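Thanks for coming. I have one structure to go through today, and I will keep it short. Please have a look at it first.

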Amino acid sequence: MPTPWEPLSRVARSQGLTPWGHVLNAAGLRGSRLRDDYTAAAGTAMRRFPLWYAPTRLFLPAAWQPYLLAVVAFGLHGDHLADAPVAERDPGPLYEWNDQVRRGLVTGRAGQPFLRAFLHTVAARGLCHADVHTLLAGQAQQITYTEYPTQEDYRQYIERINMPLTRLLHAAVLPEAPQPPVPAARAHAEAVQRTDDLADLAKDLRGGKLTLPLADLVRFGVTRTDLEAGRDTPGVRELLAHACREARTALTAAEEAFARQGPEYQLLYRPGLVFQHQVMNTVEHRGALLTRHPVSLPLRLCAGPLLDGLLRVLHGRLRMAVSTGEPGRPGA
């Protein structure tokens, strides 16, 4: 039996009067199929990366969000295929996905709604095809990895995957603004990857993948078996404390690098960094338990730094509104 409110609810959705409808309107996205495609992309991003989805929806300008989430959904899908548990790995689906993307870049067509949203973003925002191909190649190489021998191998992984994805995200949101300086972009990519790998350490270990470089395990007298068995030893605690310090150092370096950039850069990159610091609070609190349980919502929040970070985000958004008008106005 329909409630009296259901017809009104349908009208609101059809007119874009819901919060997400407002976002799609602000981005200049018209047509039911196109709006459905971007809605599917947002859903994919939310399911695959809830820790990142929340700050995007809460703090970024509405006009930026659909384009950003379309790129995030695209990157996460390839990452999901490349990071399948080792016992279940089959390169076939990833290679088939890569072929679909390459054909889509040429034809502009695709079967999956979230991929259509990404292809529309590529065309409408002028994303670099070379960055897409670099990311696809990096993910195809990633499916063969189960561990990283050294820190340099880990950084090469970031260079192959995180850096092209960072450039795509930037271009989707700020198509007319130059890419950030490479050191700033690299610091941001490293900060996000190190934090996420620590948060997902337990899940990755269960899937047969180790994201802490083997050289660090040797340094602290820890074996891979120690981590997979969830052992709480002095060496394990020292190893994880060292990994946490590296993640915090990368986060601080990224914040300092973007503090020297304009307000539009800070508005794009700072919310994620603020939230990553809160993820690290939970990671550090777990200690050796980090090898047994992945980090998820709700997080262990630190009110002072969180409030300071959010005030800086709001200040940056106000600066943009004053100096350039409504931020993120769609360019297509």
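Predicted model: local features only at pLDDT ≥ 70, side-chain atom pairs only at ≥ 80, totals over all residues.

The protein chain has 16 helices and zero strands. Of its 332 residues, 52% are buried. The accessible surface of the chain comes to about 15,500 Å², and carbon and sulfur atoms account for 58% of that. On contacts: taking those between residues at least 6 apart in sequence, 70% join residues at least 24 apart.

Now the helix pair. Helix 5, residues 65–82, packs against helix 7, residues 113–125, at an angle of about 125°, and their axes are 9 Å apart. Helix 5 is therefore oblique to helix 7, since the oblique class takes in angles that lie between 115 and 145 degrees. The crossing of the two is left-handed.

Which residues make the contact? From helix 5 we have Tyr67, Ala70, Val71, Ala73, Phe74 and His77. From helix 7 we have Phe114, Leu115, Ala117, Phe118, Thr121 and Arg125. By class, that contact has nine nonpolar residues, two polar and one charged.

Last, threonine 44, which sits in helix 3, residues 32–48. Is threonine 44 buried or exposed? Its relative accessibility is 6%, so threonine 44 counts as buried; the cut-off for buried is under 20%. Leaving aside residues up to four places away in sequence, threonine 44 touches Ala73 and Phe114.

Note on methods. Residues numbered from 1 in each chain as written. Heavy atoms only, no water. Helix = DSSP H or I, 4+ residues; strand = E, 2+ residues; numbered from the N terminus. Buried < 20%, exposed > 50% of the residue type's maximum accessible area, 1.4 Å probe, protein only. Contact = heavy atoms within 4.5 Å. Areas by Shrake-Rupley, 256 points an atom, 1.4 Å probe, with all protein chains shown as cover. Axes fitted to C-alpha atoms, helices over the stretch in contact; angles between N-to-C directions. Parallel < 35°, antiparallel > 145°, perpendicular 65-115°, else oblique. Left-handed = near helix turned anticlockwise from the far one by under 90°. Nonpolar A, V, L, I, M, F, W, Y, C, P; charged D, E, K, R; others polar.
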